[in-house]
Structure formats: C-alpha cells, structure tokens
Amino acid sequence: MDAMLLYSETPNLHTHTLKVAIVDAADYDGEFNFDVFRHTLLRRLHRLDPLRYKLVDIPWRLHHPMWLQNCEVDLDYHLRRVQVPSPGGRRELDELIGKVATIPLDRSRPLWEFHFAEGMAGHRFAIIGKLHHALADGVASANLLARVMDSAGPVQDERDNDTTCVPPSTAELLRAAGRDHAQQFAAMPGVITDALSGVRRLRRRARERGEQPDLARLLHAPPTFINHVVSPVRTFATATLSLAQMKQTSKHLQITINDVVMAMAAGALRELLLRYDGTADRPIVASVPASTDRSPHRISGNELGGMAVSLPTHIGDPLQRVRLTSLATAIAKENNELFGPELYGKLIGYLPSFAAPAAFGWLARRNARNRLFNIPVSNVAGPRERGRFAGAVVSEIYSAGPLIAACGINIAVWSYVDQLNISVIADDRTLGDTHEVTDAMVGAFSEIRTAAGFSDELTMVDTAMPQATVKP
C-alpha cells in the first residue's frame with residue numbers, strides 16, 4: 001500500500017497529506033516563535049521515526065522501494081517560516097495552506113516538511129505539516145502527532161537524536177527484494193483463494209439484499225463536475241462545527257457520527273451538483289478509507305482497506321438522505337467485512353513495480369470518467385484531550401488527504417476535543433471558491449438538525465478560529 005501511494009504520484013497528483021495544528025499562544029509564558037518550534041522539534045525527533053526515513057529504490061525497479069531508517073535530517077530544509085497575509089484569519093490561512101499543498105515533496109530527502117505560519121490574528125500560529133501518504137495513513141498520522149505534542153508528565157522525553165544511517169549496497173537491496181518476492185510467491189495461492197471466496201460472498205449477499213434502486217451500483221459512478229483531469233494547483237478550505245451538537249444529532253437520529261458526516265457530504269454535494277451541473281438526479285459514490293490496524297502505537301505505514309459508499313445526492317428530503325446514507329454505509333461496511341478487510345492491501349502488494357508508475361501516470365492524464373467513485377470522503381476520530389506544544393495550547397487540528405485521478409475534491413473530517421473540523425482540498429479547476437464546499441457542509445448539517453426537530457442555531461465553537469465564508 002505504501003508503494004502504491006508512491007507509484008500513483010504524478011506531476012498533477014501529489015500524494016502527500018496535510019496535518020495543521022493551530023497554536024494559541026495568548027497565555028503562553030514567554031514568546032512563542034519559530035526558534036521555540038525548531039528547538040522543540042529537534043529535541044523530539046528521536047521519537048518521530050518516520051521523519052527520519054529516506055526512500056531507497058530497488059535497482060532496475062525489480063521490487064517496491066524500501067525505507068532507509070534513522071537518516072540525518074536537515075532541519076534548515078525541512079522547517080520553513082511562512083507568513084499568513086493580513087488580517088490573518090481562517091481564509092488567509094487556508095489560502096496559504098493551498099500554496100503549501102501545491103508543491104510536491106522532494107523524494108531525495110525524507111518525505112516531510114513543517115511550515116511555521118506567522119502573522120495570524122489573536123496570538124495564533126499554525127504548524128502546517130506536509131507528510132507523504134506513503135509514510136503514514138490517518139491513524140498513524142494521529143499517533144505521530146501525539147508524539148510531537150507535549151507528554152502528559154512534568155518531564156518531556158527530549159534529547160539529541162543519534163543517526164546511524166548506513167545505505168545498503170546494491171547486492172543487499174537485491175537480496176532483500178528476492179526474499180520478499182519469494183514470500184509473496186509462496187503466499188499467492190492463499191491470496192487468490194481468499195479473493196475468490198470474498199467475491200463469492202459479496203455476490204451471494206448482493207442477491208440476498210435484492211435491488212436497491214436508490215443506491216449507486218458498483219462500478220457505475222456517474223459523471224459530475226468533480227470528475228475530470230486534475231490540475232497540479234491546490235486550494236484549501238476549512239470549517240468547524242460543534243462536536244457536542246454532532247453527538248446530540250447522531251444520538252437523536254439513532255445513527256453513528258460517521259453516518260451524519262456522510263449524510264452532510266451528500267447534502268453538500270447535492271447543492272454543488274445543482275449549482276455546477278444543473279442537476280442532481282442520481283446517487284454518486286464516495287471512496288471511504290477503512291483502517292485495518294487502529295493500534296495507538298503504530299506511527300508509520302498504511303494499513304487500509306477501502307469502501308465504496310453510495311451518497312444519495314438525488315434525494316431532496318434531508319431525513320430521507322440520512323436514512324439512505326445510513327443504509328449505504330452499513331452495506332459498505334458489511335461488504336468490506338465479507339470481502340476481507342486486509343485483502344485489499346495484500347492484493348495491492350502484487351502491483352508490478354516496473355509498470356505501476358507508468359500506468360498511474362496514464363490514469364492521471366486520461367480525460368475519462370472514474371467509474372469506481374466520484375470523491376474521497378474520510379472521517380477520523382482525533383484526540384479527545386487538548387494538546388500542548390512546548391507549553392502552548394494546540395487549539396485546533398485539521399487534516400487533508402490527497403486528490404486522486406479524475407477526482408477534483410477531497411473532503412476530510414477530524415474531531416478534536418469539542419470540535420468537528422472539516423477540511424477540503426481541491427484543484428483550481430473544480431470550484432470557484434473551495435469554501436463553497438465547507439459552507440455547503442455546514443448548511444447540510446443545519447438542514448439535518450432542523451429536519452430532526454432541533455430549533456436552536458448551530459453553535460459557534462469559541463475554541464476555533466472564526467468561520468470563513470464564500471467570497472461574494
């Protein structure tokens with residue numbers, strides 16, 4: 001899976017992810033600045049193993065690349081100072097993050113950068129982490145972020161980092177590749193058997209369910225304004241909702257928070273489909289990642305499966321959309337279990353290393369509809385307790401995944417203490433203003449609450465930055 005995320009990176013499709021931490025230094029004892037940030041990260045680098053990984057290609061692409069561990073890190077390169085334009089609010093920060101996301105990572109170095117953003121209103125700073133998806137998925141990134149934060153006790157685990165990075169010889173790389181190929185060859189009959197069994201289970205269960213006319217059919221994602229050849233430029237937008245109101249809504253409707261998030265996405269995308277395509281007469285398909293390893297100790301790698309979830313964008317009634325979304329997510333989860341949650345990752349391991357980059361490059365340039373899905377949507381439960389960095393309060397956290405072939409928008413939701421934080425990354429061809437998506441998500445949540453019988457307005461979360469709205 002890690003290798004696939006390297007192969008799928010092309011000049012117009014960058015496969016890094018973003019983790020943005022907002023630091024509120026209003027009550028900080030002293031001056032919080034770049035030097036404090038740099039010194040603290042340097043002293044914690046020893047516990048951030050993936051930040052010391054460097055990519056090593058196997059000669060002649062005979063197998064997937066490997067990680068060289070515990071490498072020297074040039075902080076003068078990896079740590080950058082950037083300025084948020086005046087007046088330093090959410091919109092200005094989002095525009096800066098879009099510019100950071102536009103530039104791909106240098107594969108000759110460890111695959112990460114931190115941008116320290118100054119000039120924000122209200123004594124705030126932003127730490128914009130750009131991390132290649134091959135290094136860590138959402139769960140691993142959350143665990144890695146926890147290691148960046150201050151420890152719970154009075155004494156911090158800080159020290160200088162000792163690097164013992166010895167590049168392997170060509171012979172060592174080829175031997176390692178040969179051993180892994182032998183293991184994969186031995187495992188292949190079992191993987192094929194499991195895959196065929198999984199397909200049979202899926203077909204049998206689909207027959208038992210019967211026709212589902214209001215759900216999108218597998219491999220029939222319709223063409224939309226979202227789906228086109230993606231440009232290399234990135235735009236970014238965020239919004240914050242009250243996690244308490246989200247929990248209240250999900251409990252009242254007797255569905256999960258994830259179901260509410262997916263129903264919000266369906267309502268928001270319906271609004272945008274009507275605006276840009278002039279019609280929303282069919283359900284669309286969301287690609288939703290599913291973690292196969294939620295260990296709190298895992299800080300690297302991608303342990304993921306994938307689910308195709310039908311989004312009822314053709315339904316005008318918000319409660320009917322909620323019902324259909326809940327049904328669609330339940331079916332997708334069941335299908336994932338029936339096929340085998342870890343099987344997807346095993347199959348990806350057999351991607352031919354010599355041909356995969358060219359194949360993904362062709363897909364990225366191909367002006368054709370993506371029949372698998374229309375848009376990636378993810379929802380991750382983040383930290384429940386407010387963190388600190390060098391003693392300063394981390395008031396907000398946002399996360400964003402990469403754009404994929406023929407999908408010009410990615411919606412990511414992370415919860416953090418009392419917040420439900422929405423992040424949208426897009427290219428510069430899909431939308432007039434990326435905040436149209438965040439506005440539509442907020443509007444869809446309000447619509448669901450009103451339909452559910454709540455008469456109060458949405459709570460503005462005072463621990464987060466003031467909301468940005470679409471430019472007139």
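**Pocket, cavities and helix contacts**

Guide: Helix H6 provides the largest share of the lining of the second largest pocket, four residues. The model is predicted, so local features need pLDDT of at least 70 and side-chain atom pairs pLDDT 80 or more, while totals for chains, interfaces and linings use all residues. Residues are numbered from 1 along each chain as its sequence is written, and side-chain values use heavy atoms, without hydrogens or water.

The second largest pocket holds about 510 Å³ of space. Its lining has 24 residues, and Met1, Asp2, His64, Gly345 and Gly349 are the closest to its centre. Two or more lining residues come from each of helix H1 (2–7), H6 (170–209) and helix H10 (343–348). Helices (H or I, at least four residues) and strands (E, at least two) are DSSP runs numbered from the N terminus. By class, the pocket lining has eleven nonpolar, eight polar and five charged residues (nonpolar: Ala, Val, Leu, Ile, Met, Phe, Trp, Tyr, Cys and Pro; charged: Asp, Glu, Lys and Arg; polar: the others, Gly among them). On a 1 Å grid over the protein atoms alone, a pocket is an open set of points with protein on both sides within 12 Å along at least five of seven lines, a cavity is a set where a 1.4 Å probe fits but cannot get out, and lining residues have an atom within 4 Å of a point. Points are joined across faces, edges and corners, and volume is the space filled by probe spheres set on them.

H6 also packs against helix H9 (residues 318–339), at an angle of about 145° and with the axes 8 Å apart. Axes are lines fitted to C-alpha atoms, over the stretch in contact, and angles run from 0 to 180 degrees between N-to-C directions. On the H6 side, Ala195, Gly198, Val199, Arg201, Leu202, Arg205 and Arg209 meet Ile331, Glu334, Asn335, Leu338 and Phe339 of H9 (contact: heavy atoms within 4.5 Å). This contact divides into six nonpolar, two polar and four charged residues.

The largest has a volume of about 270 Å³, and its lining of 21 residues has Lys19, Phe114, Gly129, Leu145 and Val148 nearest the centre. Strands E1 (16–24), E5 (112–118), E6 (124–132) and E12 (392–400), together with helix H5 (138–148), each give at least two residues to that lining. Its classes are 16 nonpolar, two polar and three charged.

E1 returns in the second largest cavity, where it gives the largest share of the lining, three residues. That cavity holds about 50 Å³, and among the residues lining it are His14, His16, Thr17, Arg234, Pro402 and Ile425. Six of the lining residues are nonpolar, four polar and one charged.

Elsewhere, the axes of helix H8 (residues 257–276) and helix H12 (residues 435–451) come within 8 Å and cross at roughly 120°. Val260, Met264, Leu272 and Tyr276 are among the H8 residues in this contact, and H12 contributes residues including Val437, Met441 and Phe445. The contact comprises 14 nonpolar, one polar and three charged residues.

Two backbone details remain. Ser86 and Pro87 are joined by a cis peptide bond with omega of about 10°, and Pro87 sits in the loop between strand E4 (79–83) and helix H4 (90–102). Asn70, although not a glycine, has a positive phi of about 55°, and is located in the loop between strand E3 (66–68) and helix H3 (75–78).
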